[in-house]
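Try each task before reading its solution.

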Amino acid sequence: MSAADDNGRELTGDDALAADYVLGALDGDDRRAAARRIETEPGFARLVERWEEHMAPLAAGYEPVEPPAAVKSALDQRLFAASGGATTPRKAAAPAGGLWQSLAVWRGIAAAAIAGLVLVLAVPLLAPPPADEPAGRLVASLAPQESNVHYFVVYDASTRDIGLSHVTGERDSGRDFELWVIEGDTPPASLGVIPAGSTVHLAVGEALRRKIEAGAVFAISLEPAGGSPSGQPTGPVVAAGNLREI
Amino acid sequence: MTPHDITKLIVRTSMKDRGAFDLLYRQTSAKLFGVCLRVLRDRAEAEEALQDVYVKIWTKADRFAVSDLSPISWLVAVARNHAIDKLRSRRASGAPIDQAVEVADPKPGPETVAVMTSERRRIDACLDELDGERAAAVRGAYLSGESYAELATRHGVPLNTMRTWLRRSLLKLRDCLER
């Protein structure tokens with residue numbers, strides 16, 4: 001039990017706290033405090049994720065045990081009973097608030113995930129879509145416009161959900177990226193400010209749905225923190241692209 | 001199911017694709033139930049926790065895309081963190097601690113989800129560099145989610161000793177993994 005062979009080095013500060021958290025050794029109060037910091041402090045969240053990566057192989061020690069079928073039925077009841085279909089009880093609009101903030105603490109998208117996303121889009125669906133599903137999925141690569149800002153946009157017509165993945169390009173401090181949809185000659189309509197370094201989902205209302213399905217263009221502009229004060233783009237367009245059906 | 005297949009299912013789940021979610025459940029629920037059982041050591045609680053875990057996966061699958069973890073590691077982290085949270089809140093509320101359900105002790109058994117083999121060899125090699133008792137303590141602490149206080153009691157050492165001992169082991173482990 002002696003620690004004499006350890007060269008006197010110690011884990012300290014947040015690094016030690018992150019290790020304690022991932023090991024699962026913090027008591028209730030300290031664990032809750034650490035969990036709150038993960039949601040609000042990107043630097044601390046990164047330390048935690050690094051420890052998660054280091055310790056992940058230990059999970060091989062968990063022996064798989066088949067759960068009883070009743071668990072899945074109860075789960076389906078909880079998630080899907082109210083809507084009776086493929087929609088979600090938590091509408092995609094929920095991100096306005098807590099989720100956006102907490103998502104913002106996660107770091108930039110992993111290349112592997114992007115590869116996965118592209119593949120998902122390229123492969124046939126495992127389950128056939130419901131017969132009444134409107135137009136399928138549309139994808140746009142919002143390519144840099146005199147910037148290095150690059151996003152992927154996926155629009156799912158069946159759930160009227162826009163998924164947005166950050167690829168490259170950082171905003172200046174004190175500025176925000178705002179997403180716009182532009183149809184023909186009409187003024188751009190805002191889909192909201194895009195949180196930093198994240199993959200997010202935006203709900204699409206009826207008016208925007210028609211624009212999108214009519215073949216609108218997406219654009220991202222650089223705006224003051226919190227988004228355009230006027231409701232129209234005020235800063236330079238840093239990325240733009242057309243939706244394509246896949 | 002390769003990790004890549006699991007990645008696709010998680011990404012499609014984030015797009016609220018219920019078929020993908022069902023398949024993801026079929027492919028991964030045994031592993032995650034194993035996590036819940038091992039941490040909670042109570043079948044009914046583990047079943048309830050497993051439901052909570054998949055509710056989280058359904059609602060938070062988009063977070064996976066911005067994580068650097070492998071898909072199975074990410075799913076295990078969701079399950080493990082939730083089970084440990086439940087374990088802590090149970091103990092705080094004074095409910096019985098040891099409704100001892102026999103849960104097999106961890107042993108290097110065959111993995112049904114074929115993942116992480118090279119990472120696993122690396123961490124096994126690094127754990128081998130710790131002395132046997134320390135390696136076992138790190139594994140045991142990670143798998144059970146016991147607090148430093150509980151681990152100290154079980155090992156019969158002061159809490160600070162336990163914490164120092166495990167943290168130094170983790171530091172050595174990280175040094176080894178980053179070499």
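**Exercise 1.** In this predicted model, work out how helix α4 (residues 69-80) of chain A and helix α3 (residues 43-60) of chain B pack, giving the angle and the spacing of their axes.

*Solution.* Begin with the geometry: the axes of the two helices lie 10 Å apart and meet at an angle of about 45 degrees. Angles under 35 degrees count as roughly parallel and 65 to 115 as roughly perpendicular, so α4(A) is oblique to α3(B). The crossing of α4(A) past α3(B) is right-handed. Next, find who makes the contact: α4(A) supplies A:V71, A:A74, A:L75, A:R78 and A:L79, while α3(B) supplies B:E47, B:L50, B:Q51, B:Y54, B:V55 and B:W58. Finally, sort these by class, which gives eight nonpolar, one polar and two charged residues.

**Exercise 2.** Which strands pair with strand β4 (residues 175-182) of chain A, and is β4(A) largely enclosed or open?

*Solution.* One partner is strand β7 (residues 217-224) of chain A, antiparallel to β4(A) and joined to it by eight bridges. Here A:R175 sits opposite A:P224. Another is strand β5 (residues 189-194) of chain A, also antiparallel, with five bridges; A:L179 has A:G192 as its bridge partner there. As for burial, six of the eight residues of β4(A) are buried, so the rest of the structure largely encloses this strand.

How values were computed. Residues are numbered from 1 along each chain as its sequence is written. Chains are lettered from A and ligands numbered from 1 in the order in which they are written. This is a predicted model: local features need pLDDT of at least 70, side-chain atom pairs count only at pLDDT 80 or more; totals for chains, interfaces and linings use all residues. A residue is buried if 20 or more other C-beta atoms lie within 10 Å of its own, exposed if 12 or fewer, and partly exposed in between; C-beta atoms are placed from the backbone. Helices (H or I, at least four residues) and strands (E, at least two) are DSSP runs, numbered from the N terminus. Two strands pair if DSSP finds at least two bridges between them. Axes are lines fitted to C-alpha atoms, for helices over the stretch in contact, and angles run from 0 to 180 degrees between N-to-C directions. Angles under 35 degrees count as roughly parallel, over 145 as roughly antiparallel, 65 to 115 as roughly perpendicular and the rest as oblique. A crossing is left-handed if the near helix is turned anticlockwise from the far one by less than a right angle, and right-handed if clockwise. Two residues are in contact if their C-beta atoms, placed from the backbone, lie within 7 Å. Ala, Val, Leu, Ile, Met, Phe, Trp, Tyr, Cys and Pro count as nonpolar, Asp, Glu, Lys and Arg as charged, and the others, Gly among them, as polar.
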